[in-house]
Amino acid sequence: MSTAVLTIDLSAVASNWRHLNAQTGVETAAVVKADAYGLGMDRVAPALAEAGARQFFVAVAEEGAELREILGPGPEISIFSGHMDGDAPLIRDADLIPMINSVDQMVRHVEAMPAGKFGVQLDTGMNRLGLEDGEWQALRDIALEQSPTLILSHLACADEPTHEMNLQQLEQFRSMTAGVDAPLSLAATGGLLLGSEFHFDLTRPGIGLYGGLPHVDALPVVTLDIPVIQIRDVAAGETVGYANSWTAKTPARIATISAGYADGLIRAMGPNARLHADETPVPVVGRISMDLIGVDVTALDADPTSLQLIGPHQSVDTIAGFAGTIGYEILTSLGARYKREFLL
Ligand SMILES: *Cc1c(COP(=O)(O)O)cnc(C)c1O
């Protein structure tokens, strides 16, 4: 078999949720948008429900409907993108809660489902989603009369604890929600770790459940082992891969492994990436191809049958660093071709 194996440790996901939950005195939701950050919502969401999560967030109504099938009745499922045109049947049938982002969405929701549940997302400075202060002032009394499930906002710079934007947004959120008695939420993973004044009534971690920064104490969740398809010797002066971008300075032994940029191993990581054969690091050589990567295994005593890209020796954030990106992008790009194995 030449398919790479992505191992997802569901007990690590559950303990990361418990670990974050233990750092607050309030309710901890679970964000499982984008197929649980690429790991497989159908397995990850039930593991989180079993760990104790009762509130789930996804990006769009279609994801919410899929999640309802997975979880069954009971847990609350909220939609960050709110109520878009055409969403009403999904929202109604799957018992979803849109987080209303605009006056238009509010009107659409109330017209389609007069007694339907909803939350409200406020913009406190990120300028991505949510009602601006003026719109909120206009809508506030009408919205609050209908007992929204949640009033939330999102931090732009929470992964930088000393960034002045965090306190600015906290202040703005407090001022926009003064006197409101609906449940409030401001923090995702980064905000949760900023401290209790950011916790309000509910936190909404995503990346921290899946082993990514800024949750530095997270247990690793993902392991990626890639089979070796072929091994060859190259002489000094020979080149490896497209565009002859790597030249052997001395005789070398090169393993070709079975994964590439079509599996989310983005080309940009090529010149800096390494894998591991047990404890020994081995560097990528030449360009990353669509389905194949060359690795210099000269340092090994024996030919490996597979090499590890993500695991105990290097985290998702380490390999993100090879490509100048973030763990979120690596996780959500992990390809459909991997064989996913789940540890309980
Ligand atoms: C994605 C998202 C989250 C989760 O963020 P993490 O940084 O992954 O913890 C929480 N809230 C909103 C509005 C989001 O879009």
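How far from an oxygen atom of the ligand does a polar side-chain atom of Thr189 lie? The views below answer this and go on to the ligand's surroundings and a cavity. The model is predicted.

**View 1. Thr189 and the ligand.** A polar side-chain atom of Thr189 lies 2.5 Å from an oxygen atom of the ligand. Thr189 is also listed among the closest residues around the ligand.

View 2. Arg204 places a polar side-chain atom 3.0 Å from a nitrogen atom of the ligand. For His154, a polar side-chain atom lies 3.4 Å from a nitrogen atom of the ligand. Taken alone, the ligand exposes 390 Å², and the protein buries 92% of that.

View 3. The ligand sits in the largest pocket. By class, the shell holds 7 nonpolar, 3 polar and 3 charged residues.

**View 4. The cavity.** The count gives 1 cavity of 30 Å³ or more. The largest cavity holds about 50 Å³ of space. One stretch of its lining comprises Gln121, Leu122, Asp123 and Thr124. Met126, Arg128 and Leu129 line the largest cavity too. Ser153 and His154 complete the lining. These lining residues divide into 3 nonpolar, 4 polar and 2 charged.

View 5. His154 belongs to the lining of the largest cavity. A polar side-chain atom of His154 also lies 3.4 Å from a nitrogen atom of the ligand.

Note on methods: Residues numbered from 1 in each chain as written. Predicted model: local features only at pLDDT ≥ 70, side-chain atom pairs only at ≥ 80, totals over all residues. Heavy atoms only, no water. Near = heavy atom within 4 Å. Polar contact = N/O pair within 3.5 Å; in protein donor to acceptor, adjacent residues only side chain to side chain. Areas by Shrake-Rupley, 256 points an atom, 1.4 Å probe, with all protein chains shown as cover. 1 Å grid on protein atoms, 1.4 Å probe; cavity = no way out; pocket = protein on both sides within 12 Å on 5 of 7 lines; lining within 4 Å. Sits in = over half its atoms within 2 Å of the grid points. Nonpolar A, V, L, I, M, F, W, Y, C, P; charged D, E, K, R; others polar. Points joined across faces, edges and corners; volume = space filled by probe spheres on them.
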